[in-house]
Amino acid sequence: MPAPTEPLPGGVGYLAVFAVREFRAVFVAHVMSMLGEVVCGIALSVLVYRATGSPLLSALAFAFALLPYVVGGTLLSAVADRYPARRVLVVCDLASAACVATMVVPGAPVWLLLALRCVPAAISPVFTGTRAATLSDILGEGDLFVLGRSVIRLSAQGAQLAGFAAGGLLLTAVSPRAVLAITAASFVGSALVLRLGTRRRPARADGRRGALLGDSLRGMRQLFAVPRIRILFLLSWVPPTFVVMSEALLTPYSDRLGFDSTGLGLLMCGMPVGAIVSETLAGTLLGPAGRARLTLVVAVVCMLPSLGYVFEPSFGWALALQVATGFGMSYGLGLDQWFVAAVPEELRGRALTVMAAGLMTAQGLGMAVAGAAAELAPVHLVVAGAGVCGTVGSLLVVARVRRGGAGPTET
């Protein structure tokens, strides 16, 4: 079968995406909820640490925002297709708001705080998959959809940078519980924007198809039974698994070379900055054909900067390597178009839910593996090793894509 080729003859540009009123509402709601999520993690981590003095429990406040993704992505994925999208999005936002609001209650035990943290994480892939499927309703299945997904990713990266800064500033002025109250309000605001700014659409699939769990698992079996969908799942998960390993080890690497906290903060910003710049340039300067040609190349090349850590780079070089690694994330532009073309409409919501859950789970596992390896070997060699393994793994997946013809010409 031929390799993926060009999906569309010309690009439309980011301005055309923002010209769609419903997308503007989705975008505003996304920024509000994303900022709330980032700030919630910071505030809860501080609250738990002040209550217990335990670095482990404080770290779990962040970890529990990732680990339950696999639960929601597998057991609840059918929600994205069985119920009207707007209702799912609003209910997810309100459920997150309720959990965060409960954290504000004085005297809440630490175990309850951490348990409440798990609930938004479990429903987050459902929210993410439903929103992604809704974008295809709002923007169509062509280049507008691809650029709309790109804007969501870009704003997520930007919200991370802004959220960390805003969270730090807020915590210098008010208590962690007050910050959590603000976070709960941001989720409620997101729900209102979605309720008032988007149209009601019917569910994609019949909601009376048996138990939710059975329907979710049945849908997953249907998705993984299709070779080209299975290949595209791998393409979306494998490169990020290894890309995040360098980011996960920046703290011990900075400590090893004696960087101060400012240096560590700048290094942490490197990958998001690279991702924002590269995806903006690719979305603005390249049309669908150009992005399609680069997708498989960039999916492999994004691993190469990590190889530079074998030389134990100084601060300046390490920052440059992190920015260069972030540049590789623009391969998602072409991947999005291939994926939405490969998945039947009635399974699109759960497919994008599974994709989001798998991505977060894969990144979490990558971070855990990197940390375990760094207990046994020097950090810089672990990062370089991740670059080698990631390059080999990405090459194998890309070869499988080319053999299987997973691009849109096959749909």
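1. Of the 411 residues in the chain, 52% are buried, where buried means under 20% relative accessible area, exposed over 50% and partly exposed in between, with a 1.4 Å probe and protein chains only. The model is a predicted one, in which local features need pLDDT of at least 70 and side-chain atom pairs count only at pLDDT 80 or more, while totals for chains, interfaces and linings use all residues. Residues are numbered from 1 along each chain as its sequence is written, and side-chain values use heavy atoms, with hydrogens and water left out.

2. The chain has 18 helices and zero strands; these elements are DSSP runs numbered from the N terminus, helices being H or I with at least four residues and strands E with at least two. Among contacts in the chain with a separation of 6 or more, 88% are accounted for by residues 24 or more positions apart, contact meaning heavy atoms within 4.5 Å.

3. The largest nonpolar core holds 52 residues, of which F233, L235 and F339 touch the most other members. A nonpolar core is here a set of buried Ala, Val, Leu, Ile, Met, Phe, Trp, Tyr and Cys residues joined through side-chain atoms within 4.5 Å. Helix α11, covering residues 227–248, gives the most to this core, with ten residues. Once neighbours within four places in sequence are left aside, F339 is in contact with I229, L232, F233, A351, L352 and M355. A second, separate core of 27 residues includes V90, L154, A191 and L194.

4. How are helices α6 and α9 placed relative to each other? Helix α6 (residues 85–103) and helix α9 (residues 176–197) pack at an angle of about 165°, with their axes 8 Å apart; axes are lines fitted to C-alpha atoms, for helices over the stretch in contact, and angles run from 0 to 180 degrees between N-to-C directions. The two helices are therefore roughly antiparallel to each other, given that angles under 35 degrees count as roughly parallel, over 145 as roughly antiparallel, 65 to 115 as roughly perpendicular and the rest as oblique.

5. By class, the residues of the contact of α6 with α9 are 13 nonpolar, three polar and four charged; Ala, Val, Leu, Ile, Met, Phe, Trp, Tyr, Cys and Pro count as nonpolar, Asp, Glu, Lys and Arg as charged, and the others, Gly among them, as polar. Also in helix α9 is S186, which is buried with a relative accessible area of 15% and which touches M32 and G36, not counting residues up to four places away in sequence.

6. The axes of helix α2 (residues 21–52) and α7 come within 12 Å and cross at roughly 165°, which makes α2 roughly antiparallel to α7. The crossing of α2 and α7 is left-handed. In α2, the residues E22, F23, V26, H30, E37, C40, G41, L44, L47, V48, A51 and T52 meet V110, L113, L114, R117, R131, L135, I138 and L139 in α7. The contact of α2 with α7 has 13 nonpolar, three polar and four charged residues.

7. A133 lies in helix α7, which covers residues 110–139, and is buried, with a relative accessible area of 0%. Apart from neighbours within four places in sequence, A133 is in contact with R204, R348, G349 and L352. The C-alpha atoms of A133 and T353 are separated by 8.9 Å, although the two residues are 220 residues apart along the chain.

8. Helix α12 (residues 250–257) contains R256, which counts as partly exposed at 44% relative accessibility. Leaving aside neighbours within four places in sequence, R256 is in contact with E312, P378 and H380, and its C-alpha atom is separated by 8.5 Å from that of V379, 123 residues apart along the chain. P252 also lies in helix α12 and is partly exposed, with a relative accessible area of 32%; the C-alpha atoms of P252 and P378, 126 residues apart along the chain, are separated by 9.8 Å.

9. E312 lies in the loop between α14 (288–301) and α15 (315–327), and at 28% relative accessibility counts as partly exposed. Phi of E312 is near 50°, a positive value in a residue other than glycine. Most residues other than glycine have a negative phi.

Key:
A crossing is left-handed if the near helix is turned anticlockwise from the far one by less than a right angle, and right-handed if clockwise.
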